[in-house]
Amino acid sequence: MIRALIFDFDGLIVDTEWPLIEAYRLVHLAHGVPFDETLFIRSVGHAEYAFDPWHGFSPHTDRAPLELERRAHKDRLLLQQPVLPGVTELLDAARTRQLRIGLASNSEHAWVEPHLTRLNLLHYFEFLACRGDAPTPKPAPDLYQRVLNQFGLRGHEAIAFEDSATGALAARRARLHVVGVPNRCTAHHDLSAADLLLPSLAGVTLDTLLARFSSPPRP
C-alpha cells in the first residue's frame with residue numbers, strides 16, 4: 001500500500017531552473033555576446049558537471065558587474081514563477097487521503113523553504129530532506145532514505161516525483177516507485193529509472209497513481 005508521496009523541488013514543484021538560464025541569456029544579449037543555451041541546459045540536474053558560464057566573454061572582462069546583472073534578472077524571474085501544473089491538486093488529494101507528504105531535494109533549506117512559503121505550499125510537507133541533511137546528495141539514495149526513515153516507511157510504500165535523471169536514479173536506488181516529469185531543461189535526460197513518465201502532473205489523478213503502483217517497484 002502507498003502511504004507517502006515524496007517530491008523533488010527544483011523543476012518539479014516550481015521551475016527554478018529556467019530563470020537561472022534565462023538570466024545568463026539576458027546578460028549575454030545585453031552585451032552582444034553569443035549565448036550557448038544548449039551547453040547551459042546540459043548542466044541542469046547534473047551536480048558533477050562543471051562549466052564556465054561566462055566563457056563567451058573575453059578573459060579580461062570584469063565579471064563582478066556581470067554577476068550583479070545576472071542576479072537582478074534571476075531574482076526578478078524567480079519571483080514570477082508559479083507552482084507547476086498539477087502539483088497543488090496532487091498535494092490536496094494526498095492530504096485528503098491522509099498520505100504522508102515529504103520532500104527530497106539537492107538544494108538547501110535556505111533555498112527551498114522560502115520558495116515553498118512564497119507559493120503557500122510549505123504547510124503541505126511533513127518533512128523536508130535537503131542538501132546537508134544526508135551524507136550524500138542525489139543520485140545517492142540518502143535523501144530519500146532520510147524521508148523514509150522519518151516516516152517509518154519502506155521504499156515500496158512511497159511514490160517519488162522527479163524531473164531529472166539524477167533524482168530518478170536516487171529514488172530508484174531507495175526502492176521507491178518513481179514518476180518522471182521532465183521539463184524543458186531536463187527533456188534530454190535519461191529517465192529510464194522512472195516507472196512512469198508524464199509530460200506534466202496536470203491531468204493525472206492520485207487514484208490513477210495509487211492503482212498504477214499497487215505492486216512492488218521493479219528492482
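Me: What makes up the secondary structure of the protein chain here?
Reply: This is a predicted model, and its protein chain has eight helices and six strands. Read along the sequence, they follow the pattern β-α-α-α-α-β-α-β-α-β-α-β-β-α.

Me: How many of the residues count as buried, and what makes a residue buried?
Reply: The cut-off is under 20% relative accessible area. Buried residues make up 51% of the 219 in the protein chain. The chain still exposes about 10,400 Å², with carbon and sulfur atoms supplying 54% of that.

Me: What makes β1 and β2 a pair?
Reply: Pairing takes at least two bridges, and strand β1 (residues 4-7) and strand β2 (residues 100-104) have four, in the parallel sense. Therefore they qualify as a pair. Leu5, for one, stands opposite Ile101 in β2.

Me: Which order do the strands take in the sheet?
Reply: The six strands run β3-β2-β1-β4-β5-β6 in an open sheet, with parallel pairing.

Me: Why do β3 and β6 stand at the edges?
Reply: β3 (127-129) and β6 (196-197) each have a single partner strand, so one side of each is left without a neighbour in the sheet.

Key:
Residues are numbered from 1 along each chain as its sequence is written. This is a predicted model: local features need pLDDT of at least 70, side-chain atom pairs count only at pLDDT 80 or more; totals for chains, interfaces and linings use all residues. Side-chain values use heavy atoms; hydrogens and water are left out. Helices (H or I, at least four residues) and strands (E, at least two) are DSSP runs, numbered from the N terminus. Buried means under 20% relative accessible area, exposed over 50%, partly exposed in between (1.4 Å probe, protein chains only). Accessible areas come from the Shrake-Rupley method with a 1.4 Å probe; for residues, only the protein chains shown count as cover.
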